[in-house]
Amino acid sequence: MTPKERVRAAMELKTPDRVPLMCQMSIGHMLQQLPVSPVEFWFDADTFAAGLVELRKVYGFDGILVSLHGHFRNWREKILSRKVVANGEEVVLVNGKRILFTNNELPQNLIEQAAHQKSKAPTDDSLTSTLELNRLPDEIDFIPVSQGLHFDIDPGDKFRCIENIVSSSGNEFSIHGEITSPFDYFLDFSGHQEGLFALIAEPDKAQKSLDHFTTLLEKLAEEMCKTGIDAIKISSPFAGSGFISPEFYGEFVAPYDGRLARAIRTKGVHAYIHTCGAIGDRLSMMFDLGASGIECLDPPPLGNVELETAMRIANRRGFIKGNIDSVNILSNGTEEEILADARTRLDIGKKYGGFILSTACSIAPMVKRESIVLLREAVERWGWI
(Lines give C-alpha, C1' and ligand atoms only; values in the text may rest on other atoms or scores of the structure.)
Protein backbone atom coordinates (compact mmCIF):
# COMPACT_ATOMS: atom_id res chain seq x y z
CA MET A 1 0.00 0.00 0.00
CA THR A 2 1.04 3.62 -0.47
CA PRO A 3 1.00 5.78 2.66
CA LYS A 4 -2.12 7.51 1.31
CA GLU A 5 -3.92 4.18 0.85
CA ARG A 6 -2.77 3.02 4.28
CA VAL A 7 -4.24 6.03 6.08
CA ARG A 8 -7.44 5.85 4.08
CA ALA A 9 -7.90 2.19 4.97
CA ALA A 10 -7.53 2.99 8.68
CA MET A 11 -9.96 5.90 8.48
CA GLU A 12 -12.49 3.68 6.70
CA LEU A 13 -12.10 0.91 9.32
CA LYS A 14 -10.58 -1.41 6.74
CA THR A 15 -7.35 -3.37 7.12
CA PRO A 16 -4.15 -1.59 6.02
CA ASP A 17 -0.90 -3.45 5.47
CA ARG A 18 0.45 -1.85 8.65
CA VAL A 19 -0.68 0.69 11.21
CA PRO A 20 -0.23 4.19 9.74
CA LEU A 21 1.97 6.73 11.49
CA MET A 22 0.95 10.38 11.34
CA CYS A 23 1.60 12.93 14.08
CA GLN A 24 0.59 16.56 14.08
CA MET A 25 3.48 18.87 14.86
CA SER A 26 3.34 21.96 17.04
CA ILE A 27 4.66 25.19 15.58
CA GLY A 28 7.29 25.25 18.32
CA HIS A 29 8.54 21.77 17.47
CA MET A 30 8.76 22.51 13.77
CA LEU A 31 10.70 25.71 14.45
CA GLN A 32 13.14 23.75 16.59
CA GLN A 33 13.79 21.37 13.69
CA LEU A 34 13.94 23.77 10.73
CA PRO A 35 16.49 26.48 9.85
CA VAL A 36 13.80 29.11 9.24
CA SER A 37 12.76 32.46 10.62
CA PRO A 38 9.72 32.08 12.94
CA VAL A 39 8.20 35.16 11.29
CA GLU A 40 8.55 33.77 7.76
CA PHE A 41 7.40 30.30 8.84
CA TRP A 42 4.21 31.83 10.22
CA PHE A 43 3.36 34.25 7.42
CA ASP A 44 4.82 32.71 4.25
CA ALA A 45 2.88 29.87 2.59
CA ASP A 46 5.84 28.48 0.68
CA THR A 47 8.09 28.40 3.75
CA PHE A 48 5.38 26.76 5.85
CA ALA A 49 4.56 24.16 3.19
CA ALA A 50 8.24 23.32 2.59
CA GLY A 51 8.73 22.76 6.32
CA LEU A 52 5.78 20.38 6.56
CA VAL A 53 6.97 18.38 3.57
CA GLU A 54 10.55 18.22 4.85
CA LEU A 55 9.62 17.01 8.33
CA ARG A 56 7.22 14.41 6.97
CA LYS A 57 10.18 12.99 5.09
CA VAL A 58 12.48 13.12 8.13
CA TYR A 59 9.96 11.33 10.36
CA GLY A 60 8.54 8.93 7.79
CA PHE A 61 4.96 9.96 8.46
CA ASP A 62 2.24 8.56 6.21
CA GLY A 63 0.53 11.94 5.98
CA ILE A 64 0.73 15.68 6.54
CA LEU A 65 -1.61 17.90 8.54
CA VAL A 66 -1.75 21.45 7.13
CA SER A 67 -2.84 23.37 10.21
CA LEU A 68 -2.72 26.89 8.73
CA HIS A 69 -4.19 28.13 5.47
CA GLY A 70 -5.02 31.42 3.80
CA HIS A 71 -1.54 32.97 3.87
CA PHE A 72 -1.35 36.41 2.22
CA ARG A 73 1.11 36.70 -0.64
CA ASN A 74 1.84 40.33 0.33
CA TRP A 75 2.35 39.57 4.02
CA ARG A 76 5.50 41.68 4.20
CA GLU A 77 3.43 44.76 3.36
CA LYS A 78 1.31 44.11 6.45
CA ILE A 79 4.32 44.46 8.75
CA LEU A 80 5.03 47.95 10.06
CA SER A 81 8.20 47.03 11.96
CA ARG A 82 10.34 44.12 13.15
CA LYS A 83 12.91 44.19 15.93
CA VAL A 84 15.02 41.64 17.72
CA VAL A 85 14.24 41.36 21.43
CA ALA A 86 15.77 39.30 24.24
CA ASN A 87 13.59 36.23 23.67
CA GLY A 88 12.83 36.45 19.97
CA GLU A 89 11.52 38.96 17.46
CA GLU A 90 8.72 41.45 17.97
CA VAL A 91 6.57 42.37 14.99
CA VAL A 92 4.17 45.31 14.79
CA LEU A 93 1.53 44.98 12.08
CA VAL A 94 -0.07 47.89 10.22
CA ASN A 95 -3.34 47.08 12.00
CA GLY A 96 -1.68 47.80 15.35
CA LYS A 97 -1.18 44.25 16.60
CA ARG A 98 2.10 43.43 18.35
CA ILE A 99 3.23 39.81 18.07
CA LEU A 100 6.19 38.14 19.73
CA PHE A 101 7.83 35.37 17.72
CA THR A 102 10.17 32.83 19.32
CA ASN A 103 11.68 29.62 17.96
CA ASN A 104 10.03 27.23 20.41
CA GLU A 105 6.33 28.09 20.72
CA LEU A 106 3.35 29.74 19.07
CA PRO A 107 3.54 33.48 18.46
CA GLN A 108 2.04 35.58 21.24
CA ASN A 109 -0.36 38.46 20.59
CA LEU A 110 1.06 40.90 23.14
CA ILE A 111 -1.70 43.53 23.18
CA GLU A 112 -4.63 41.14 23.42
CA GLN A 113 -2.81 38.93 25.90
CA ALA A 114 -2.25 41.89 28.20
CA ALA A 115 -5.90 42.90 27.91
CA HIS A 116 -6.97 39.33 28.65
CA GLN A 117 -4.88 39.21 31.81
CA LYS A 118 -6.65 42.32 33.13
CA SER A 119 -10.19 41.07 32.42
CA LYS A 120 -12.69 40.75 35.24
CA ALA A 121 -15.64 38.44 35.77
CA PRO A 122 -18.46 39.58 33.47
CA THR A 123 -21.66 41.18 34.73
CA ASP A 124 -25.14 40.44 33.41
CA ASP A 125 -24.94 43.65 31.34
CA SER A 126 -21.65 42.63 29.74
CA LEU A 127 -23.07 39.24 28.87
CA THR A 128 -25.99 40.82 27.05
CA SER A 129 -23.82 43.20 25.06
CA THR A 130 -21.26 40.47 24.28
CA LEU A 131 -23.80 38.30 22.52
CA GLU A 132 -25.51 40.93 20.39
CA LEU A 133 -26.23 38.79 17.34
CA ASN A 134 -26.05 41.72 14.92
CA ARG A 135 -22.31 41.78 15.59
CA LEU A 136 -21.76 38.29 14.19
CA PRO A 137 -19.40 38.20 11.18
CA ASP A 138 -20.54 37.51 7.63
CA GLU A 139 -17.61 35.23 6.81
CA ILE A 140 -14.76 33.33 8.39
CA ASP A 141 -11.68 35.45 7.75
CA PHE A 142 -9.32 34.18 10.46
CA ILE A 143 -8.29 31.09 12.43
CA PRO A 144 -8.56 31.49 16.23
CA VAL A 145 -5.23 29.87 17.03
CA SER A 146 -4.72 30.46 20.74
CA GLN A 147 -5.33 33.05 23.49
CA GLY A 148 -6.39 35.91 21.24
CA LEU A 149 -3.91 35.00 18.49
CA HIS A 150 -5.57 35.11 15.09
CA PHE A 151 -4.18 33.84 11.80
CA ASP A 152 -5.79 36.04 9.14
CA ILE A 153 -7.14 34.32 6.01
CA ASP A 154 -6.74 35.92 2.60
CA PRO A 155 -10.32 35.80 1.22
CA GLY A 156 -9.04 35.58 -2.34
CA ASP A 157 -6.38 32.93 -1.71
CA LYS A 158 -7.65 30.69 1.08
CA PHE A 159 -6.03 27.37 0.26
CA ARG A 160 -2.82 27.94 -1.72
CA CYS A 161 -0.67 26.25 0.92
CA ILE A 162 -2.91 23.17 0.99
CA GLU A 163 -3.15 23.02 -2.79
CA ASN A 164 0.62 23.21 -3.17
CA ILE A 165 1.15 20.32 -0.76
CA VAL A 166 -1.60 18.26 -2.39
CA SER A 167 0.01 18.90 -5.76
CA SER A 168 3.48 17.89 -4.61
CA SER A 169 2.65 15.05 -2.20
CA GLY A 170 -1.03 14.16 -2.41
CA ASN A 171 -0.70 11.23 -4.78
CA GLU A 172 1.49 9.34 -2.32
CA PHE A 173 0.71 10.72 1.14
CA SER A 174 -2.48 11.49 3.02
CA ILE A 175 -3.02 15.26 3.21
CA HIS A 176 -5.29 16.70 5.90
CA GLY A 177 -6.60 20.21 6.39
CA GLU A 178 -7.86 21.78 9.60
CA ILE A 179 -10.92 23.81 10.56
CA THR A 180 -11.62 25.12 14.05
CA SER A 181 -14.78 24.17 15.94
CA PRO A 182 -17.80 26.50 16.02
CA PHE A 183 -17.46 26.49 19.81
CA ASP A 184 -13.98 28.02 19.55
CA TYR A 185 -15.24 30.78 17.26
CA PHE A 186 -18.08 31.43 19.70
CA LEU A 187 -15.63 31.76 22.62
CA ASP A 188 -13.32 33.97 20.57
CA PHE A 189 -16.26 36.17 19.56
CA SER A 190 -17.71 36.54 23.04
CA GLY A 191 -14.55 36.24 25.11
CA HIS A 192 -13.76 32.94 26.79
CA GLN A 193 -14.88 33.92 30.26
CA GLU A 194 -17.93 35.79 29.05
CA GLY A 195 -18.84 33.00 26.65
CA LEU A 196 -18.81 30.35 29.35
CA PHE A 197 -21.04 32.54 31.52
CA ALA A 198 -23.34 33.07 28.55
CA LEU A 199 -23.97 29.33 28.22
CA ILE A 200 -25.82 29.69 31.53
CA ALA A 201 -27.19 33.24 31.30
CA GLU A 202 -28.14 33.40 27.60
CA PRO A 203 -28.31 29.84 26.23
CA ASP A 204 -30.66 30.76 23.38
CA LYS A 205 -28.36 33.50 22.14
CA ALA A 206 -25.37 31.22 22.55
CA GLN A 207 -27.02 28.57 20.39
CA LYS A 208 -27.97 31.11 17.73
CA SER A 209 -24.37 32.28 17.66
CA LEU A 210 -23.09 28.70 17.41
CA ASP A 211 -25.56 27.97 14.62
CA HIS A 212 -24.33 31.04 12.73
CA PHE A 213 -20.66 30.08 13.04
CA THR A 214 -21.45 26.50 12.02
CA THR A 215 -23.13 27.72 8.83
CA LEU A 216 -20.07 29.82 7.97
CA LEU A 217 -17.71 26.96 8.73
CA GLU A 218 -19.73 24.54 6.61
CA LYS A 219 -19.15 26.89 3.70
CA LEU A 220 -15.42 27.11 4.43
CA ALA A 221 -15.22 23.32 4.77
CA GLU A 222 -17.01 22.83 1.46
CA GLU A 223 -14.40 25.02 -0.24
CA MET A 224 -11.55 23.20 1.51
CA CYS A 225 -12.90 19.83 0.37
CA LYS A 226 -12.33 20.91 -3.24
CA THR A 227 -8.55 21.13 -2.75
CA GLY A 228 -8.05 17.37 -3.02
CA ILE A 229 -7.40 16.71 0.66
CA ASP A 230 -8.20 13.35 2.23
CA ALA A 231 -9.52 14.56 5.58
CA ILE A 232 -10.28 17.61 7.68
CA LYS A 233 -9.44 17.79 11.35
CA ILE A 234 -12.04 19.70 13.37
CA SER A 235 -10.01 21.31 16.15
CA SER A 236 -12.18 21.49 19.28
CA PRO A 237 -9.71 21.87 22.16
CA PHE A 238 -12.03 23.67 24.58
CA ALA A 239 -14.57 20.85 24.74
CA GLY A 240 -12.98 18.61 27.38
CA SER A 241 -14.12 18.11 30.95
CA GLY A 242 -11.74 20.79 32.20
CA PHE A 243 -13.90 23.41 30.48
CA ILE A 244 -17.52 22.23 30.29
CA SER A 245 -19.69 19.46 31.68
CA PRO A 246 -20.91 16.50 29.63
CA GLU A 247 -24.39 18.06 29.66
CA PHE A 248 -23.12 21.35 28.25
CA TYR A 249 -20.96 19.45 25.78
CA GLY A 250 -24.11 17.73 24.52
CA GLU A 251 -25.94 21.04 24.26
CA PHE A 252 -23.37 23.51 22.99
CA VAL A 253 -20.60 21.51 21.26
CA ALA A 254 -21.80 18.13 19.99
CA PRO A 255 -24.65 19.36 17.75
CA TYR A 256 -22.40 21.84 15.96
CA ASP A 257 -19.20 19.80 15.70
CA GLY A 258 -21.35 16.90 14.50
CA ARG A 259 -23.11 19.02 11.92
CA LEU A 260 -19.79 20.27 10.57
CA ALA A 261 -18.33 16.75 10.48
CA ARG A 262 -21.33 15.36 8.63
CA ALA A 263 -21.20 18.24 6.11
CA ILE A 264 -17.57 17.39 5.37
CA ARG A 265 -18.31 13.69 4.96
CA THR A 266 -21.06 14.39 2.43
CA LYS A 267 -18.29 15.78 0.20
CA GLY A 268 -16.41 12.47 0.25
CA VAL A 269 -13.76 13.76 2.67
CA HIS A 270 -13.12 12.25 6.10
CA ALA A 271 -13.60 14.37 9.22
CA TYR A 272 -12.19 13.77 12.68
CA ILE A 273 -12.60 15.59 15.99
CA HIS A 274 -9.58 16.82 17.97
CA THR A 275 -10.27 17.46 21.66
CA CYS A 276 -7.50 17.70 24.23
CA GLY A 277 -7.39 16.65 27.86
CA ALA A 278 -9.86 14.53 29.78
CA ILE A 279 -12.69 13.32 27.55
CA GLY A 280 -13.51 9.95 29.10
CA ASP A 281 -16.91 11.16 30.31
CA ARG A 282 -18.00 12.20 26.79
CA LEU A 283 -16.11 9.75 24.61
CA SER A 284 -19.14 7.70 23.60
CA MET A 285 -21.01 10.89 22.76
CA MET A 286 -18.15 11.97 20.53
CA PHE A 287 -18.32 8.75 18.54
CA ASP A 288 -22.01 9.43 17.92
CA LEU A 289 -21.37 12.77 16.20
CA GLY A 290 -21.05 11.26 12.73
CA ALA A 291 -17.35 12.04 12.33
CA SER A 292 -14.99 9.50 10.78
CA GLY A 293 -12.87 9.38 13.91
CA ILE A 294 -11.36 11.06 16.96
CA GLU A 295 -7.87 12.38 17.64
CA CYS A 296 -5.88 12.95 20.85
CA LEU A 297 -7.32 10.71 23.59
CA ASP A 298 -4.70 11.99 26.00
CA PRO A 299 -3.60 9.18 28.36
CA PRO A 300 -3.04 9.74 32.07
CA PRO A 301 -1.65 12.00 33.46
CA LEU A 302 -2.34 14.43 30.59
CA GLY A 303 -5.90 13.16 30.20
CA ASN A 304 -7.93 10.20 31.34
CA VAL A 305 -8.27 7.91 28.31
CA GLU A 306 -6.69 4.47 28.11
CA LEU A 307 -6.44 3.29 24.50
CA GLU A 308 -8.02 -0.13 24.98
CA THR A 309 -10.98 1.40 26.82
CA ALA A 310 -11.43 3.91 24.01
CA MET A 311 -11.31 1.16 21.39
CA ARG A 312 -14.07 -0.73 23.20
CA ILE A 313 -16.20 2.39 23.52
CA ALA A 314 -15.66 3.22 19.86
CA ASN A 315 -16.91 -0.21 18.87
CA ARG A 316 -16.08 0.43 15.21
CA ARG A 317 -18.04 3.70 15.12
CA GLY A 318 -14.94 5.57 14.03
CA PHE A 319 -11.17 5.43 13.84
CA ILE A 320 -8.82 6.52 16.61
CA LYS A 321 -5.69 8.61 16.05
CA GLY A 322 -3.40 8.77 19.09
CA ASN A 323 -2.53 8.41 21.95
CA ILE A 324 1.19 8.64 22.83
CA ASP A 325 2.03 11.04 25.66
CA SER A 326 4.25 13.67 24.03
CA VAL A 327 5.40 15.12 27.35
CA ASN A 328 6.04 12.26 29.76
CA ILE A 329 7.00 9.65 27.16
CA LEU A 330 8.51 11.42 24.14
CA SER A 331 10.08 14.35 25.98
CA ASN A 332 11.30 12.55 29.08
CA GLY A 333 11.34 8.85 28.24
CA THR A 334 14.31 6.71 27.33
CA GLU A 335 14.63 5.04 23.92
CA GLU A 336 13.47 1.77 25.46
CA GLU A 337 10.47 3.42 27.12
CA ILE A 338 9.42 5.15 23.91
CA LEU A 339 9.61 1.95 21.86
CA ALA A 340 7.80 -0.06 24.54
CA ASP A 341 5.01 2.51 24.75
CA ALA A 342 4.59 2.60 20.99
CA ARG A 343 4.56 -1.20 20.78
CA THR A 344 1.81 -1.44 23.41
CA ARG A 345 -0.37 0.99 21.45
CA LEU A 346 0.35 -0.77 18.18
CA ASP A 347 -0.68 -4.11 19.67
CA ILE A 348 -3.98 -2.64 20.90
CA GLY A 349 -4.59 -0.81 17.64
CA LYS A 350 -4.02 -3.91 15.55
CA LYS A 351 -6.37 -5.94 17.73
CA TYR A 352 -9.31 -3.57 17.24
CA GLY A 353 -8.51 -1.96 13.88
CA GLY A 354 -9.20 1.58 12.70
CA PHE A 355 -6.07 2.93 14.38
CA ILE A 356 -3.48 5.54 13.40
CA LEU A 357 -0.42 5.81 15.64
CA SER A 358 0.15 9.39 16.68
CA THR A 359 1.03 11.62 19.55
CA ALA A 360 -2.07 12.34 21.62
CA CYS A 361 -1.91 16.06 20.91
CA SER A 362 0.79 17.92 18.98
CA ILE A 363 4.42 16.92 19.26
CA ALA A 364 5.64 19.08 22.14
CA PRO A 365 8.17 21.77 21.14
CA MET A 366 11.16 20.30 22.99
CA VAL A 367 10.74 16.68 21.87
CA LYS A 368 13.97 15.61 20.20
CA ARG A 369 14.01 14.58 16.57
CA GLU A 370 15.49 11.21 17.50
CA SER A 371 12.49 10.42 19.69
CA ILE A 372 10.03 10.90 16.83
CA VAL A 373 12.16 8.81 14.49
CA LEU A 374 11.74 5.96 16.99
CA LEU A 375 8.01 5.90 16.21
CA ARG A 376 8.79 5.05 12.60
CA GLU A 377 11.07 2.29 13.82
CA ALA A 378 8.23 0.98 15.99
CA VAL A 379 5.68 0.76 13.16
CA GLU A 380 8.23 -0.92 10.93
CA ARG A 381 8.99 -3.50 13.62
CA TRP A 382 5.55 -4.12 15.16
CA GLY A 383 2.94 -2.37 13.03
CA TRP A 384 2.52 -4.85 10.18
CA ILE A 385 -0.85 -6.58 10.10
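This is a predicted model: local features need pLDDT of at least 70, side-chain atom pairs count only at pLDDT 80 or more; totals for chains, interfaces and linings use all residues.
Q: How many residues line the second largest pocket, and what is the volume of its space?
A: The lining of the second largest pocket counts 15 residues. Phe43, Phe72, Lys78, Leu93 and Asp152 lie nearest the centre. The space in this pocket is about 250 Å³.

Q: Which element gives the largest share of the lining of the second largest pocket?
A: Helix 3 (38–43) and strand 7 (149–152) each supply at least two residues of that lining. The largest share is three residues. Its source is strand 7.

Q: How many nonpolar residues are in the lining of the second largest pocket?
A: Sort the lining by class. Three residues are polar and three are charged. The nonpolar residues number nine.

Q: At what angle do helix 4 and helix 17 pack?
A: Two packed helices are described by the angle between their axes and the distance between the axes. Helix 4 covers residues 45–59, and helix 17 covers residues 369–382. Their axes are 8 Å apart. The angle is about 60 degrees.

Q: Which residues of helix 17 meet helix 4, and how many residues in the contact are charged?
A: From helix 4 come Leu55, Val58 and Tyr59. They meet Arg369, Ile372, Val373 and Arg376 of helix 17. By class, the contact has five nonpolar and no polar residues. The charged residues number two.

Q: Which strands are the edge strands of the open sheet of four strands?
A: The sheet has the order 2-3-4-5, with antiparallel pairing. An edge strand pairs on one side only. That picks out strand 2 (79–85) and strand 5 (108–109).

Q: Which residue in strand 4 is the bridge partner of Glu89?
A: Strands of a sheet pair through backbone hydrogen bonds, either parallel or antiparallel. Strand 3 (residues 88–93) and strand 4 (residues 98–101) pair in the antiparallel sense, over four bridges. In strand 4, the partner of Glu89 is Phe101.

Q: Why does Phe243 count as partly exposed?
A: Phe243 sits in the loop between strand 9 (231–235) and helix 11 (246–252). Phe243 counts as partly exposed because its relative accessibility is 44%.

Q: Which residues does Phe243 touch, leaving out those up to four places away in sequence, and how far apart in space are Phe243 and Ile64?
A: Phe243 touches Pro237 and Phe238. Ile64 is 179 residues from Phe243 in sequence. C-alpha to C-alpha, the two are apart in space by 29 Å.

Definitions and conventions:
Residues are numbered from 1 along each chain as its sequence is written. Side-chain values use heavy atoms; hydrogens and water are left out. Buried means under 20% relative accessible area, exposed over 50%, partly exposed in between (1.4 Å probe, protein chains only). Contact means heavy atoms within 4.5 Å. On a 1 Å grid over the protein atoms alone, a cavity is a set of points where a 1.4 Å probe fits but cannot get out, and a pocket is an open set with protein on both sides within 12 Å along at least five of seven lines; lining residues have an atom within 4 Å of a point. Grid points are joined across faces, edges and corners, and a volume is the space filled by probe spheres set on the points. Ala, Val, Leu, Ile, Met, Phe, Trp, Tyr, Cys and Pro count as nonpolar, Asp, Glu, Lys and Arg as charged, and the others, Gly among them, as polar. Axes are lines fitted to C-alpha atoms, for helices over the stretch in contact, and angles run from 0 to 180 degrees between N-to-C directions. Two strands pair if DSSP finds at least two bridges between them.
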